[in-house]
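Morning, everyone. Please look at the screen, and I'll walk you through the model piece by piece.

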Amino acid sequence: MTRDEIRTTVLRTLGEIAPEADLSTLKADVSFRDQLDVDSMDLLNFVIALHAMLHVDIPEVDYPKLATLDGCVDYLAAAGAR
Amino acid sequence: MPILTADMSAGTLVEWRKKPGDALKRGDIVALVETDKGLIDIEVFTPGVLEKIVVQPGATVPTGTVLAIIRDEAPTGAPPVPAAPPPPAPSPVGPAPAPVAPGPAGRLRISPLARKLAAELGVDPATVRGTGVGGAIRREDIEQAAAARAAAPVEKPRADRSARLRQAIGAAMARSKREIPHYYLATTIDMHPAMTWLTEENLKCSVPDRLLYGVLFIKAVALALKEVPELNSVWRGSEPVRSEAIHVGVAISLRGGGLVAPALHDTAGQSLRDLMRQFRDLVQRARSGGLRSSELSDPTITVTSLGEQGVETVFGVIFPPQVAIAGFGKLVERPWALAGQVVARPVVTATLSADHRVSDGHRGGLFLAAVDRLLQAPALL
């Protein structure tokens, strides 16, 4: 999967988890928590959805790497998202 | 129309999920009702047969209104209802009245007496379904329409959901602060053992099975209630009644503001993993609609966890008719003195707001001490 495809998937997943958020203004290098009203349950659902769609195992210690859009794309690309 | 939350005064019937003649068993969902807290699935508590639907979809009725008649187990022999149930009669008065089939001349078939009565009672005969010969409107039909209209609350302009939810929360919390003499306690709990255990547990399982630490709080509260059971009570009229079952309500903030606190049923008797699964499901349904009536009306205590918003301490306001609410703040790393040494430890502030008519600070203190002790041995939760 290309980085663009990963980015699209991440954004679509975010949109499902925070449907009221305007993702067009999302800053790619600032944490989701600082920009969206999301809690730990939302983030867990986010990781579960990425895990299911991209077939990537995401250990809990790596959650901080998924805090931003850029971080997600880097991490998931390196982890072999497919 | 069941009272699903302390502050609920009316609800709108959205849809029937069962039809007359259907056999019902406990827990079946019979109808979908819209309330300030969103769309709620209404469950049946006693088995029987749905005999008659009284309130039609679209109607807003006060709590206590009969929605449908359920007959006890069907007698053997004669079929309980006609094989082909009659088509549902349109609501006599309601948002979308079914137009009456006009007579040949396009005029309403209505008796002079009924017409006079309609004028007196302010009922528009065109919105009334006639039950007389050829659909003629009789006096009884007008009376029925007037009675049904009287039963419906005065229709307020429909404010949007979040405004109505805000109103409902305000009503419940004002009642709580007016009626309940709260007392407040707080304690700081070392979360090092719990977090260490949780990290190890989560390493062992794949993403969907992982636990959030919030579920440890919920389970610890449920188990601590066994030691201080008077905190697990609900007011019934003027008496606090101790609840055998422990159904911890979890405060869930909704997108766009407001919150609901539905129950995780039998909290003390479930494994952490089962609780976690249900907690996730509950949050999802709270936010998208689809809570069940028992989840809204059953909680025997509430847990609120505002940690995500970054506050260290939260003192909850008790949800009537409950008598206590436990609060957990943000997990923070703080200096912690241990055996003469200062170490850095993740800690959380746990609080209790409780009803002084039911318990005292001494018992409340024992409850928080029990929560602390339980969290020191997370593997046993």
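Start at B:Thr188. Which residue stands opposite B:Thr188 in β19(B)? The residue there is B:Thr349. This is a predicted model, by the way, so treat every position as a prediction.

Now the strands around that pair. Strand β8, residues 182–190 of chain B, runs antiparallel to strand β19, residues 341–355 of chain B. Nine bridges hold the pairing of β8(B) with β19(B). As a reminder, strands of a sheet pair through backbone hydrogen bonds, in either a parallel or an antiparallel way.

β19(B) also pairs with strand β17, residues 324–328 of chain B. That pairing is antiparallel, with five bridges. Look for B:Gly327: its bridge partner in β19(B) is B:Thr351.

Next comes strand β18, residues 332–338 of chain B. β18(B) pairs with β19(B) in the antiparallel sense, over seven bridges. Here B:Glu333 has B:Pro346 as its bridge partner in β19(B). How many residues lie between β18(B) and β19(B) in their hairpin? Two. In that turn, B:Ala339 has a positive phi of about 50°.

B:Leu32 stands opposite B:Asp41 in β4(B).

Now helices. Stay in chain B and find α5, residues 213–227, and α8, residues 361–375. Their axes come within 8 Å and cross at roughly 130°. α5(B) and α8(B) are therefore oblique to each other. The crossing of α5(B) and α8(B) is right-handed. On the α5(B) side, the contact includes B:Leu216, B:Ala220 and B:Val221. On the α8(B) side, B:Leu366, B:Phe367 and B:Ala370 are among the residues involved. Sort the contact of α5(B) with α8(B) by class, and you get eleven nonpolar residues, no polar ones and one charged.

Chain A has a helix pair for us too. Helix α1, residues 3–17 of chain A, packs against helix α3, residues 40–54 of chain A. The angle is about 140°, and the axes are 10 Å apart. That makes α1(A) oblique to α3(A). The crossing of α1(A) and α3(A) is right-handed. From α1(A), the contact takes A:Thr9, A:Thr13, A:Leu14 and A:Ile17. From α3(A), A:Phe46, A:Ala49 and A:Leu50 are among the residues that take part. By class, the contact of α1(A) with α3(A) has seven nonpolar, three polar and one charged residues.

Zoom out to domains. Chain B is assigned domain 1 (1–75 + 84–94), domain 2 (112–151) and domain 3 (161–380). The C-alpha centres of domain 1 and domain 3 of chain B lie 32 Å apart. Their contact takes 13 residues from domain 1 of chain B and 18 residues from domain 3 of chain B. The domain 1 side divides into six nonpolar, two polar and five charged residues.

Last stop: the two chains together.

Conventions
Residues numbered from 1 in each chain as written. Chains lettered and ligands numbered in written order. Predicted model: local features only at pLDDT ≥ 70, side-chain atom pairs only at ≥ 80, totals over all residues. Axes fitted to C-alpha atoms, helices over the stretch in contact; angles between N-to-C directions. Helix = DSSP H or I, 4+ residues; strand = E, 2+ residues; numbered from the N terminus. Parallel < 35°, antiparallel > 145°, perpendicular 65-115°, else oblique. Left-handed = near helix turned anticlockwise from the far one by under 90°. Contact = placed C-beta atoms within 7 Å. Nonpolar A, V, L, I, M, F, W, Y, C, P; charged D, E, K, R; others polar. Pairing = 2+ DSSP bridges. Domains from an automatic or database assignment.
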